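Colleague: Could you walk me through this one? I'd like to know what stands behind each label you use.

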Amino acid sequence: MSGSSGSGRSAFVLTASDQSAAGTRGDASGAGVAERLESLGFAVERAVVADDQAAIEDALRGAAKRHPLVVTTGGTGLTPRDVTPQATLAVVDYEVPGLAEAIRAEGRRSTPFAALSRAVAGVRGRSLIVNLPGSPKGALESIEAIVPILDHALETLAGPFDHGTTESDPVGASTAEDAD
């Protein structure tokens, strides 16, 4: 899949990290994910917040008003400060579990520890929110896991919501009963 530059696509990359927010560690995962999304044709806005559920929720709500794609890095592990999944679940309208499953499956190809990720994905309004791990390598592997389906997901969310009405959609031959 290649991005369509100039298409007006935008994304927000939010890093949840106490150390990055305090300025004691750089934000390599956020920078790497932003660079990859830019290579796919997205205009990218970035922010860093501490591992604080309320701060993450606020950032996600604001980002979802401005961007069709919101990606987080960090805070998906097992420690008590890893609260990104809780914050995401608090703001999404519904989950998209297949994305998180694809991310974990791809991660397990590199390390069995990927199974410990609590990352989630979901939709708020017409924005897709996806949690990625905080390690730069894990974040990049995770974004690659969803690149093949990212355009379709965003196009579906953007609407119109009338599946099966375009000639260019080979799956579009389905009937209304198939959509139920």
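Modeller: Let's start with bends: the bend at a residue is the angle between axes fitted to the seven residues ending there and the seven starting there. Helices are DSSP runs of H or I with at least four residues, strands are E runs of at least two, and both are numbered from the N terminus. This is a predicted model, where local features need pLDDT of at least 70, side-chain atom pairs count only at pLDDT 80 or more, and totals for chains, interfaces and linings use all residues. Residues are numbered from 1 along each chain as its sequence is written, and side-chain values use heavy atoms, with hydrogens and water left out.

Colleague: So what makes you speak of a kink in helix α6?

Modeller: The kink in α6 (residues 136-158) is about 60° and is centred on Pro148. Just after the helix, Gly159 has a positive phi of about 85°.

Colleague: Why is Arg126 called partly exposed?

Modeller: Buried means under 20% relative accessible area and exposed means over 50%, with partly exposed in between (1.4 Å probe, protein chains only). Arg126 has 47%, so partly exposed is the label. Arg126 sits in the loop between β5 and β6, and its side chain reaches the backbone oxygen of Ala158 at 2.6 Å. Contact means heavy atoms within 4.5 Å; beyond four places in sequence, Arg126 touches Pro68, Leu157, Ala158, Gly159 and Phe161.

Colleague: How do you know that Asp51 has no salt bridge?

Modeller: A salt bridge needs a side-chain nitrogen of Lys or Arg within 4 Å of a carboxyl oxygen of Asp or Glu. For Asp51, which is buried, the nearest side chain of opposite charge is Arg81, 5.2 Å away. That distance is outside the 4 Å cut-off, so no salt bridge is assigned. Asp51 lies in the loop between β2 (43-49) and α3 (53-66), and its contacts beyond four places in sequence include Ser17, Asp18 and Arg81.

Colleague: And what makes a set of residues a nonpolar core?

Modeller: The members are buried Ala, Val, Leu, Ile, Met, Phe, Trp, Tyr and Cys residues joined through side-chain atoms within 4.5 Å. The largest such core has 24 residues, and Leu69 and Leu150 are among those touching the most other members. Its largest share, eight residues, comes from α6. Leu69 is in contact with Leu37, Phe42, Leu128 and Leu150, among others. Another core, of 14 residues, lies apart from it and includes Ile56 and Leu60.

Key:
Lys, Arg positive; Asp, Glu negative; His and termini not counted. Polar contact = N/O pair within 3.5 Å; in protein donor to acceptor, adjacent residues only side chain to side chain.
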